[in-house]
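Please read the points below alongside the sequence and the model.

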Amino acid sequence: MPQHLSRRRALGLGLGAIAAGGLVACGGGQRSPADTRWVPKFAAGRGLVTNEYALRRSEADGAVTSPDWTVTSGSLFHDGGCGWSGPIDGNSPDSGSSKATGSAVLRALSQRDDFARFSMSCELWADEPTETERTPEQDYDGVHFLFGYRSPDDLYAVTLVRRSGTIVWKRKAPRGTGAGVYRTIATAPLPAATRTWSHFTADVGIDNNSVSLAVRQDGELVLGAIDIGARQSPPQLRPGRVGWRGDNTEFWFRSLSVAPTETAAAKPSAE
């Protein structure tokens, strides 16, 4: 956890020490019905939850899988009861992420894929964004919450910590047989809260033709908007996964809870 382990010290300890902490599949229970809260758990020690190696080679010796998480890029660790990106590097992880994490580009998703309307709550601690040879500095570097995730080309992403000092809600939608294209739905100033714990909530509502999002940081509304779609980029109205995207940023999260609701789409107010 960041109270006792800075990024620099984590790098100094070496990834071998992480591996020695125990490569175990940690997390909560089995897949839950769509009307129940999802509260993934993380072990108290330090070790690997799962990584991109396990997704690509799930039957290989040493592959570490999780009942709660799948990682399409990078590595997800547990550290003192928190989820953790691990130290940042731009290399491909091995089976135990002991030689490299690949977490300069982290994509960690829930195994559960039935989230539509919901309320998310979590605490987030992010270090200052960095860069690697593979991943040079970008304005969008930071930590992003993913939802409505149907595929790498069909999703929503909202930035909670961003190098540019803004909060941005985007929709990525497929275009024919090509890669998905991002569309910005809403943005607002939000200085990056780094090296401190911040409490974030995100409330997602859906009706027949729109999706609403309200994000609060430490109880204050920082973004409220509705996605009514655009040409070749309709709202994503179907259930999907939730998760994290990290770009050049080491981060921890704890007390993550995703509770399904019956909220219809409606632009939230500050009251």
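**Cores and salt bridges**

1. Of the 43 residues in the largest nonpolar core, those touching the most other members are Trp69, Phe147, Val158, Trp169, Val215 and Trp244. Such a core is a set of buried Ala, Val, Leu, Ile, Met, Phe, Trp, Tyr and Cys residues joined through side-chain atoms within 4.5 Å. Strand S6 (residues 118-126) contributes the most to this core, with five residues; strands (E, at least two residues) are DSSP runs numbered from the N terminus. A second, separate core has nine residues, among them Phe77, Cys82, Trp84 and Trp125.

2. The model is predicted: local features need pLDDT of at least 70, side-chain atom pairs count only at pLDDT 80 or more, and totals for chains, interfaces and linings use all residues. Residues are numbered from 1 along each chain as its sequence is written, and side-chain values use heavy atoms, with hydrogens and water left out.

3. The structure holds 14 salt bridges (a side-chain nitrogen of Lys or Arg within 4 Å of a carboxyl oxygen of Asp or Glu). One of them pairs arginine 163 with aspartate 141 at 2.7 Å, N to O. Aspartate 141 is buried, at 2% relative accessible area, whereas arginine 163 is partly exposed, at 26% (buried means under 20%, exposed over 50%, partly exposed in between; 1.4 Å probe, protein chains only).

4. Lysine 172 and aspartate 153 also form a salt bridge (3.8 Å, N to O). Lysine 172 lies in strand S9 and aspartate 153 in the loop between S7 and S8, so the pair ties together parts 19 residues apart in sequence.

Technical notes. Helix = DSSP H or I, 4+ residues; strand = E, 2+ residues; numbered from the N terminus.
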